[in-house]
Amino acid sequence: MKELQNKVKQLLNDKEVDLVIGWAKGSLPLVSTPVFITEAEQAEELIFDHTCRNNLATYLTKDRKRLGKKYNKIGIIVKGCDARSIVLYVTENQVKRDKVVIIGVPCQGIFESRKIINCTNGREVLEQKIAGDQVILIGRDFEIKVSREEVLRDCCLSCRYPDAPEYDHFIGEHRGEINVKDEFKIVEDFEKKSAAERWQLITEEYSKCIRCYACRNVCPSCYCNYCFVDNNDPQWIGKTPEVTDNIIFHLIRNLHLAGRCVDCGACVSACPVNLDLRPLNKKVEKEMKERFGYTAGLDINEKPAMASHCENEKQDFIMG
Amino acid sequence: MIKIKYEQLSALIDFLTESYQVYAPVKHGKETAFKKISSASEINKSKYNTSLNPKDIFFPQSEVMFTYTKNGIKSPPEQGKPIAVWGLRTCDTKSIRMLDKVFANAYQMPDKEMYKDPYWIARYKNCLLFSFACNEPPSTCFCNWFNSGPYDSSDSDIFVTDTGDEYLLEGISERGIKFLAGYPETSQADQTDLDKIKVLREKAESYMPPVVELSGLKDKLLKIWDDPVWDELSAKCINCGACAYICPTCHCFDMRDEGNEDKGKRVRLWDCCMYQLFTKEASGHNPRELSTYRVRQRVMHKYNYFVENYQQFLCTGCGRCIKVCPVNMDIRQIIQKILTYKEV
Amino acid sequence: MSNTYIPIPMKLERIINEDPDRTLRTFDLSFVNKQDEEKFSYMPGQFCEFSILGKGESPFGIASSPSEKGLLKFTVSRTGSVTQEIHYLQEGDIVGIRGPLGNWYPDEKLRGKDTVIIGGGFAFTTLRSMIVYMLDHRQEYGKITVIYGARSPEFFIFKDELKEWEARADITLHLTIDKPYPGWDKLIGFVPTVTKEVGLDPSAYVIVCGPPIMIKYTLPVLSEIGFEDSKIFTSLERRMKCGIGKCGRCGIGSKYICIDGPVFSLEELKKIPESF
Ligand SMILES: Cc1cc2nc3c(=O)[nH]c(=O)nc-3n(C[C@H](O)[C@H](O)[C@H](O)COP(=O)(O)OP(=O)(O)OC[C@H]3O[C@@H](n4cnc5c(N)ncnc54)[C@H](O)[C@@H]3O)c2cc1C
Ligand code: SF4
Ligand code: SF4
Ligand code: SF4
Ligand code: SF4
Ligand code: FES
């Protein structure tokens with residue numbers, strides 16, 4: 001932590017950056033919060049731990065890239081997935097590489113509040129402590145020990161690249177590529193089901209969607225000025241949260257994210273009704289990987305997937 | 001004050017369903033929400049308020065305003081029985097009363113037919129609201145900042161205390177008193193019950209955060225509404241809108257047509273001021289182009305504009321927005337920062 | 001209880017193309033049901049939600065005057081999806097409207113007083129309503145002065161009426177266009193400049209309506225001439241849906257344009273956050 005703070009102080013003092021985006025302690029026990037640091041003293045607020053779930057790259061494209069207009073050079077602290085979003089931005093010409101200073105931190109995985117709440121049977125956690133491979137969850141009248149694995153986000157459990165593939169500074173030890181065996185397990189499990197079962201699963205999950213579009217709005221890859229759901233001329237999909245329209249919304253979004261989703265989990269954490277949006281994202285990711293050998297955000301010199309491979313599409317995509 | 005044992009709840013719900021459409025907290029996917037129930041077994045008992053808000057009962061997330069065909073326009077079917085809601089919290093009840101102010105009239109033009117929202121009124125008319133004392137408010141609750149608290153019974157029709165094995169029901173409004181008078185179960189609460197309430201109440205209140213004095217908030221907001229501090233206050237918001245969708249008092253909506261010229265419907269859907277398109281005009285001009293302006297709108301509306309029009313905050317301190325915000329924009333911190341901010 | 005969201009049916013009687021680009025059309029509507037007509041009483045400055053089933057609603061200022069019985073007039077600029085659909089309409093089609101909505105120009109204050117009316121572009125709609133209304137009750141008002149600016153002569157709306165008014169002695173009309181144009185012998189220059197030059201008497205009431213940029217530059221000129229803030233009125237626009245103060249869309253400060261406006265005095269606006 002100290003090393004990270006010192007690095008940021010130095011970058012600000014040396015005027016190498018005008019702003020640093022990082023995480024600070026949040027107001028609730030299980031969450032951190034993004035901070036925007038322009039003065040070296042503020043760097044003391046910076047943290048990096050299992051609560052730093054936000055993909056900070058999002059801020060680079062937010063509000064028509066307002067930060068980029070305000071600050072000449074922006075430092076940004078990144079986990080593996082956040083860094084891959086930046087790589088994606090660079091390959092899609094959204095961000096100029098020389099305008100960002102990427103500060104990598106070694107990510108050990110982020111906890112998911114929903115899973116923690118499940119462990120406590122819904123009771124509120126007021127404090128959590130890490131003890132080796134265990135997490136101690138403390139509430140008003142309980143103290144529960146669970147294993148880290150149990151509360152890590154799904155996307156972290158199957159994360160292959162916890163380190164930033166592209167960075168200017170790296171604080172701490174690299175973790176290297178992780179040999180996750182069942183990266184696409186949820187997809188494979190899903191594929192094994194019959195078409196009817198798949199449909200049922202999808203309908204059940206997506207019937208709960210309230211169509212607030214929080215998932216889209218937090219998604220670093222969803223930066224279109226005009227999203228297809230907002231278009232009313234022609235109107236692509238119905239606006240009411242009926243299950244068929246919900247599914248269409250999510251499927252189109254998935255397709256727009258083909259080769260662009262970095263599996264950072266931002267959409268899952270943002271959804272106010274806690275839908276599991278990952279299986280479909282992951283399905284698309286798997287297809288991209290198997291068909292084109294492509295994983296989003298790994299190589300800064302690669303052309304964006306959708307621009308380079310347009311043919312060779314198989315028809316049996318999502319439901320087939 | 002009458003009392004009923006846990007086992008007698010199903011009799012109460014059955015009795016209610018005879019003359020009401022009954023809503024209560026149920027499990028809804030991974031969340032808890034108010035849904036129509038037909039028996040007590042569906043109810044999800046929890047110490048906390050539901051994760052989804054109760055406004056959906058009276059102001060559904062999407063509703064058909066009318067359908068049309070070549071032959072003309074048809075209003076939606078009548079509501080039928082009035083609505084009773086079991087398992088509300090004090091803050092939930094208050095939020096419903098706030099929304100009633102908005103939908104029943106226009107603030108400066110009471111009793112003008114054209115400003116009455118027929119869909120809201122059809123559902124709200126003769127409703128019976130059971131609000132529960134909160135015995136264990138979670139750390140995100142701050143209703144005590146708004147002259148309320150976990151045992152505030154005002155605004156309820158019937159106030160319910162769950163003592164661990166029985167429910168104590170107290171009629172508050174005329175409608176609530178009348179309902180209880182007509183209810184066959186008549187065992188009255190005695191001194192031991194009142195003592196129990198006292199203990200529970202003290203415990204519940206001890207969980208609340210220190211009260212922050214909000215009397216200066218409205219004027220302070222007006223003073224700083226044009227101040228650069230909003231840039232800082234809004235920096236981390238990503239305008240996802242989750243806070244407004246989860247908020248029991250936010251009431252903005254969109255109206256859309258679905259169908260073609262021969263046949264279709266006009267629907268209304270929740271909407272929110274956090275979205276860029278909310279105010280974007282056909283010309284391309286957008287008075288709230290920047291995220292900063294949108295965050296300011298939310299804060300101003302809740303703690304200044306609404307107060308100006310209705311003399312109360314458009315916030316109950318339920319804490320739902322604090323729980324859902326993906327970037328931990330904590331409205332309590334924003335309020336406190338504003339109160340202590342020295343304007344430039 | 002009647003349902004305020006249900007549009008009343010109107011028959012499209014007449015369509016008038018107002019400009020060579022065909023982006024501006026005026027629509028004269030008549031009431032399909034007599035009872036609707038009887039209930040519909042409005043004042044100049046109010047607006048309606050114009051509804052095309054299957055496409056949606058859009059708000060437009062009423063361009064007809066209450067003194068023109070049995071008729072509602074709207075001039076619609078084609079800008080987006082609903083307005084485009086309105087432009088596709090044919091005479092004889094049935095459409096829906098909700099209204100009258102919002103407040104109106106301060107007619108009570110104008111009685112017996114001089115009035116200056118300043119307009120720009122196609123935002124002249126409700127101003128036409130006001131002028132026709134005043135001319136139809138001519139003896140109840142003082143001097144009427146109109147300043148109206150357009151890009152070029154073709155872009156004035158209600159051209160025939162403008163000619164009639166020019167011929168009348170009881171109303172003074174200053175028409176101006178942005179740049180010289182072959183055959184144009186009237187004023188040339190932007191509205192704020194013309195406003196400064198025509199010699200207005202600051203004891204009058206002023207109504208200004210036009211594109212935001214015109215309003216922005218005209219208001220200071222009026223103050224400079226000496227008009228009091230409480231005597232300057234303008235009509236605002238924001239995106240709208242419900243038109244009755246519920247949906248939250250048209251908020252400026254604690255006000256909603258659809259019910260507290262669209263007409264505001266400059267004095268009021270100066271107290272409202274977000275109004276400019
Ligand atoms: C009080 C008032 C009076 C108006 N009077 C006139 C008039 O006389 N003539 C005229 O041509 N235009 C007028 N407008 C502007 C007109 O309402 C918009 O141009 C129109 O709504 C654009 O709709 P659209 O569907 O074509 O555009 P889209 O961009 O497709 O808009 C979709 C929806 O957004 C809303 N919307 C978008 N822009 C506006 C806007 N500027 N104002 C209000 N709602 C908007 C509408 O509900 C519309 O249906 C007035 C606006 C207001 C508020
Ligand atoms: S965030 Fe959740 S509820 Fe909102 S649109 Fe996305 S999936 Fe639906
Ligand atoms: S939930 Fe948080 S990030 Fe989303 S709009 Fe609300 S304040 Fe902004
Ligand atoms: S603003 Fe937040 S705390 Fe206040 S009522 Fe809405 S959700 Fe609850
Ligand atoms: S805070 Fe925003 S979304 Fe909520 S009621 Fe106010 S304007 Fe509407
Ligand atoms: S248009 Fe809905 S509040 Fe004004």
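Ligand 5 is surrounded by Cys250(B), His251(B), Cys252(B), Cys272(B), Cys273(B), Gln297(B), Arg298(B) and His301(B), where a residue is near a molecule if one of its heavy atoms lies within 4 Å of it. By class, four residues of this shell are nonpolar, three polar and one charged; Ala, Val, Leu, Ile, Met, Phe, Trp, Tyr, Cys and Pro count as nonpolar, Asp, Glu, Lys and Arg as charged, and the others, Gly among them, as polar. The model is predicted, so that local features need pLDDT of at least 70 and side-chain atom pairs count only at pLDDT 80 or more, whereas totals for chains, interfaces and linings use all residues. Residues are numbered from 1 along each chain as its sequence is written, chains are lettered from A and ligands numbered from 1 in the order in which they are written, and side-chain values use heavy atoms, with hydrogens and water left out.

Around ligand 2 there are 14 residues, the closest being Cys209(A), Cys212(A), Tyr213(A), Cys215(A) and Cys271(A). Twelve residues of this shell are nonpolar, one is polar and one is charged. Helix H9 (214–218) and helix H10 (243–256) of chain A each contribute at least two of its residues; helices are DSSP runs (H or I, at least four residues), numbered from the N terminus.

Helix H2 (residues 58–70) of chain A packs against helix H10 (residues 291–310) of chain B at an angle of about 115 degrees, with the axes 10 Å apart. Axes are lines fitted to C-alpha atoms over the stretch in contact, and angles run from 0 to 180 degrees between N-to-C directions. Lys62(A), Asp63(A) and Arg66(A) of H2(A) meet Ser291(B), Thr292(B) and Arg294(B) of H10(B), contact meaning heavy atoms within 4.5 Å. No nonpolar residue takes part in this contact, which has two polar and four charged residues.

The largest nonpolar core has 174 residues, and Ile21(A), Phe58(B) and Tyr303(B) have the most contacts inside it. Such a core is a set of buried Ala, Val, Leu, Ile, Met, Phe, Trp, Tyr and Cys residues joined through side-chain atoms within 4.5 Å, buried meaning under 20% relative accessible area (1.4 Å probe, protein chains only). H10(B) supplies the largest share of this core, eight residues. A separate core of 36 residues includes Ala63(C), Leu162(C), Leu175(C) and Ile177(C).

In chain C, the domain assignment (automatic or from a database) gives domain 1 (8–100) and domain 2 (107–235). Their C-alpha centres lie 24 Å apart.

Key
Buried means under 20% relative accessible area, exposed over 50%, partly exposed in between (1.4 Å probe, protein chains only).
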